[in-house]
Amino acid sequence: MSGAFDSGVWATLAFYVASALTIASAIIVVTQRDLVRAVVALAMSFIGVAAIYFILNAEFIGVVQVLVYVGAISILIAFAVMFIGDLANAGTLSQNRLISAAAAVLLLASIVFVAYNTDWTAIDEVTDPDAIAGLTGRYQTASSDGDDAVIRAVEGSVDDARGGALVDGSSHVGPFLIRELILPFETLGLLLIAALIGALVVIRGRREDDAA
């Protein structure tokens with residue numbers, strides 16, 4: 001099971017580096033008054049999150065994180081910053097910063113509380129064969145005495161056997177998006193384009209009113 005999920009020294013070091021990059025970039029985002037630098041720091045924070053996904057063997061989610069958040073959301077925010085006429089006054093502090101800071105502290109405290117009080121089990125300590133198959137091995141769902149389906153570990157060549165959760169599932173997720181969810185996928189793309197065009201129209205209308 002160690003081959004599917006590397007929990008060695010290098011993986012641990014990479015995790016801490018990616019976490020430090022994510023946290024430091026997020027702090028810069030909320031403290032930097034220069035909007036251009038804040039957008040760059042936001043993109044770096046997204047890259048750090050994507051690196052954590054890759055370290056956890058969630059390659060598909062990591063690629064989506066890079067394509068959607070780093071390549072789309074960050075560029076969209078950058079365009080919005082470019083359309084702001086008064087960049088000097090755009091970075092002024094908000095009047096609700098104390099409320100926002102209190103909400104952030106409460107959220108951080110709740111996350112720390114849950115993480116501290118949760119009984120975490122290392123993946124190397126898992127001994128149940130069905131659990132191992134569901135994580136890194138090969139398994140198939142089988143009906144139990146009731147209506148619920150259970151995971152059963154399988155060995156050898158089984159046609160309907162699937163890889164575990166920590167095995168690269170890009171080959172399964174990609175065809176599922178293209179075949180089963182092609183209409184919602186394309187509709188979402190059109191919706192994002194319409195929102196971008198609408199935002200440009202609104203900005204242009206405001207500029208013409210200001211000029212008049």
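Mentor: Start with exposure: buried means under 20% relative accessible area, exposed over 50%, and partly exposed in between, with a 1.4 Å probe and protein chains only. This is a predicted model, where local features need pLDDT of at least 70, side-chain atom pairs count only at pLDDT 80 or more, and totals for chains, interfaces and linings use all residues. Residues are numbered from 1 along each chain as its sequence is written, and side-chain values use heavy atoms, without hydrogens and water.

Trainee: Is Phe 15 buried, exposed or partly exposed?

Mentor: Phe 15 is partly exposed, because its relative accessible area is 34%. Tyr 16 has 56%, so Tyr 16 is exposed.

Trainee: How many aromatic pairs are there?

Mentor: The count is 2. Rings of Phe, Tyr and Trp (its six-membered ring) pair if their centres lie within 6.5 Å; planes under 30 degrees apart are stacked, over 60 edge-to-face, the rest tilted. Phe 15 and Tyr 16 are edge-to-face, because their planes sit at 70°, with centres 5.8 Å apart.

Trainee: And what about Phe 46 and Tyr 69?

Mentor: That pair is tilted, at 5.2 Å centre to centre and 55° between the planes. Phe 46 is in helix H2 (residues 35-55) and Tyr 69 in helix H3 (residues 59-82), so the pair ties together parts 23 residues apart in sequence. Helices here are DSSP runs (H or I, at least four residues), numbered from the N terminus. Phe 46 is buried at 16%, while Tyr 69 is partly exposed at 37%.

Trainee: New topic. Where is Ala 199?

Mentor: In helix H8, residues 182-211. Its C-alpha is 8.7 Å from that of Ala 80, 119 residues apart along the chain.

Technical notes:
Helix = DSSP H or I, 4+ residues; strand = E, 2+ residues; numbered from the N terminus.
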